[in-house]
Every structure is written in structure tokens, then in C-alpha cells.
Protein chains: 2
Amino acid sequence: MARPRTFDEDRVLDTVMRAFWENGYEATSTRDLCEVTGLDRSSLYNAFTSKGELFRRALARYAETMNARQAELLEDRSRPAVERIRVLLARIVDDEVALARDGRGLGCLTVNTTVELAGRDPEIARMLERDLDRRLAGLRAVIEEGRRDGDVTSPRDAAALARFLNAVIAGIRVSAQGGADRAALEAVAATALDALTR
Amino acid sequence: MARPRTFDEDRVLDTVMRAFWENGYEATSTRDLCEVTGLDRSSLYNAFTSKGELFRRALARYAETMNARQAELLEDRSRPAVERIRVLLARIVDDEVALARDGRGLGCLTVNTTVELAGRDPEIARMLERDLDRRLAGLRAVIEEGRRDGDVTSPRDAAALARFLNAVIAGIRVSAQGGADRAALEAVAATALDALTR
DNA sequence: CCGATTCTGCACTGTTCGATCCAAAACCAT
DNA sequence: ATGGTTTTGGATCGAACAGTGCAGAATCGG
């Protein structure tokens, strides 16, 4: 063994993730990353090999964290299934409002990355696709549960409704980045629920 | 008068717009723009002053074109109002499927720009906001019409439903960029309509 | 305390970036 | 044709980019 790291890898990843989240991949330079982490470029490259790899690590961590939070909420048996969906949407709205800067939400790193990179980076596209599949599966499970409870009255199949919810969530995120205020975002969320409980 | 342009300004703007649309603002270099337009950098700068200005011109043209297409459709009195909304969503799905490359949609330049630039470029944010207001107004008008016809049965106010539709459209666009196929996009569109006609 | 190993700071690489300069070519009105 | 004006291509600018090499500092097992 030899000289140990002076930084915590996960803490650095969180900081880096935030920078990419706020400004996107292309607009964030390795210098920017040094500035926000307080590390030198050597240390960064020594630990993460390249800007692209660092981004992939940060994206993976983001997806992991967010998916865990969502799963925890969606699998909470103490609430009816439809109520869990309502709370999920409410939390997304809350997050967008809370993280807003200059009246604009931050959006979601996976949505932002889908828009910026999925079309020209196959590896990123693959990561996003796996994450999407997991999220859709989680949503579908809750929707089926809600249907058994009698709360989800829409005749559409659960996969379609899951797709719909996922699209609405992306739409809420983009709307927040476009400057929509809390009331507008809540209206979108409430209307989306109407489609499930019609 | 003196030597005239050898290129058509609008044709160049269309080509440039397409490049920005496909790869984003940051990832498109002025060299790339020269390549796709066949022009030299001098000509580009002489006609459009800067990369940023060129982008703004291309974005304005995109928003103008798209808004005109949408307005034409939404104001078509030969169809019931709700039917017009259905056709609008169908066209968006069609476009995403038609313009797809490697199984991924192109998305929408205004959505892409909202995600990439709205948070850190106030002038772009202003442009997008004006465009959004116009689109929301158009949607609201059709929704109110549909309500008078008795087809829009949702009790939510028209502004909220317009916000909802706009968010769903963005969600469809992002989903297409994420690799969703035609069936998935159509499911999202159909489910969204359920919320208006519940 | 020492030797092996790893990390860190700084200088530096070559490349590409957006943007500019200038001379030559092209055009129009007269 | 000629003069005035604009466009065009090519060279070039300084700055910023992602990434590297290296010397020395730091830390471990022994």
C-alpha cells in the first residue's frame, strides 16, 4: 500500500454530477470540474481516466440514487397505489421548485442527457435505456396494483400507462426548465392523474 | 450595390438549424457549420456576425415554422376541436418516427434548447418563453372550443390543460429521443387525450 | 527509518475553438 | 470600362480544450 486519496470518491462524484447537471456535458470543462471539486486535473484523471468516463460514473450514480428514491416511494405499502403515484409526482414538482435558480428548474440529469447525448453516444444511450426500463417496470407494477385496488380505472394496459407517466414526468422536468411555476407544474401532475383514474 | 451573396440566407439557416437540432449548440462547431453549408467561415460570420447570433436566427426560424404548422392545424375549422388536438399529437408522433435515425427520434429544437441553454442564456430563455406563450395560447383556444362543443369534458381550466398538453408533447419528444417506438409514442398520445375527455 | 508505491501540483503537449484580417475576386450602377 | 462596394477564401489569432509527463510529497508495510 501507499499514499491514500485525500478525497472521497463519492463526494467528488456528487459534486461533478451536479456540475454536469447544471450545465450539461459539453459546456462543462475539465477545468470547471477541478474548480468545483478543488482537485487538480491529474487527480481527476488518475481516479477517473477521462472526462467521458467521469461523466458516465456521475450519470450512473445519479440514476442509481434517483431510482432508489423512486422505488422506495412506489413500493411503500402504507399508501394506496394511486396515492403513491400522486406523491411521486408531487415530489418531482417539489424538487424542481426547490432546486430552481433564477425561477428555472434544474430538470433531471437523465432527461438532459437523453436530449444532449443519447443520439450520438451509444454507450450513454445504453445506460439510459437500462435505467428507463427499470423505471418503467416500477411504474407498471404500481399501476397494476392500483388497478387491482380499483383506483386505476383506465382501460389502457399498464405498460402504456407507465410510458405515459414517464413521458409526463419528463414533460414536467422540461417545463420547469422552461420557467413554469409551481402552480403550472402541479396542474400538469394533477391532469396526468386524471388519465389514470378516469 | 455590389457583389451579391452566392447563397440563399434562408436555405443556409435551414441547414444550420438542422445541424444544431441534431447535435446541440455546444457540440456543433463553426467548422461543422461550414461543412454542412458549403460556405467558408468568413461568409458565415459576414452574414450572421457570430455563432450565437446564427443559432438565435436558426432557433427563431424553427419556432416560427413550427408554430405556423401547429396553428394551421389547430385552427382548422373543418374538424372538431378535440379531433384537431388528436391530429396534432399524431403528427408529432409521425414526425419523430419519420425523422428517427438509428431508432431514435430527433426531438424538438425548442425542447432541446430549453434543456441545454435556457438555464444559462437569458436571451435564449426569453425567446423560448415567448414561443411557449404563443403555443400555450393556441392550445388553450382549441381546448375552450372543444369544451363548448362538449368534447372536452375535463373540469380543469383551459390554461391547466394547455400546460398539460404542452408538457406531454415535450415528454413525447424526449421519449422519442430515448428510443421509444411508434406504438409507445402513440400510447402516450392516446392516454393524454383521455385526460381531456374523461 | 526505509523502500516501494501512490498521489498530487505544475508545466506542458497538440488540437480545436470562435473569431478576425486581408487581399483578391465578383458584381452593380454609371 | 471604371469606381465603389461587398463577398469570398485562406491564413492566422489568442484562448481554451482534453489529456500527459514528471518530479516531489505523502503514506504505507516492513
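1. The largest share of the surface near DNA strand D comes from α3(B), which gives four residues. This is a predicted model. In total, 24 residues lie around DNA strand D. Arg3(A), Ser29(A), Ala2(B), Arg3(B) and Ser42(B) come nearest. Two or more residues each come from α2 (30–37), α3 and α4 (51–74) of chain A, and from α3 of chain B.

2. By class, the surface near DNA strand D holds nine polar, eight charged and seven nonpolar residues.

3. Now DNA strand C. It is surrounded by 25 residues. The closest are Ala2(A), Arg3(A), Thr6(A), Arg3(B) and Ser29(B). On this surface α3(A) gives the most, with four residues. At least two residues each are supplied by α3 (41–48) of chain A and by α2 (30–37), α3 (41–48) and α4 (51–74) of chain B. The residues near DNA strand C divide into nine polar, eight nonpolar and eight charged.

4. How are the two protein chains related? A rotation of 180 degrees, with 0.0 Å of shift along its axis, superposes chain A on chain B. The RMSD is 0.0 Å. The two copies are therefore related as by a two-fold rotation axis.

5. The contact between the chains takes 43 residues from chain A and 43 residues from chain B. On chain A, at least two residues each come from α6 (109–116), α7 (122–149), α8 (158–177) and α9 (182–196). The largest share, 12 residues, is from α8(A). The side of chain A that touches chain B has 21 nonpolar, 13 polar and nine charged residues.

6. Which surface does each copy use? Of the interface residues of chain A, 100% are also interface residues in chain B, so the copies meet through the same surface.

7. Helix α5 of chain A covers residues 81–98, 18 residues in number. From first C-alpha to last it reaches 25 Å, close to the 26 Å expected at 1.5 Å a residue.

8. Which residues of α5(A) are buried? They are Ala81(A), Val82(A), Ile85(A), Leu88(A), Leu89(A), Ile92(A), Val93(A) and Glu96(A). Seen down the axis of α5(A), these buried residues fall within an arc of 135 degrees, so they line one face of the helix. An α-helix has 3.6 residues a turn, so residues three or four places apart point the same way. The buried residues of α5(A) pack against α4, α7, α8 and α9 of chain A.

Conventions. Residues are numbered from 1 along each chain as its sequence is written. Chains are lettered from A and ligands numbered from 1 in the order in which they are written. This is a predicted model: local features need pLDDT of at least 70, side-chain atom pairs count only at pLDDT 80 or more; totals for chains, interfaces and linings use all residues. A residue is near a molecule or strand if its C-beta atom, placed from the backbone, lies within 6 Å of it. Ala, Val, Leu, Ile, Met, Phe, Trp, Tyr, Cys and Pro count as nonpolar, Asp, Glu, Lys and Arg as charged, and the others, Gly among them, as polar. Two residues are in contact if their C-beta atoms, placed from the backbone, lie within 7 Å. Copies are superposed by least squares on the C-alpha atoms of residues with pLDDT of at least 70 in both. The expected span of a helix is 1.5 Å times one less than its number of residues. A residue is buried if 20 or more other C-beta atoms lie within 10 Å of its own, exposed if 12 or fewer, and partly exposed in between; C-beta atoms are placed from the backbone. The arc is that of the directions from the helix axis to the C-beta atoms.
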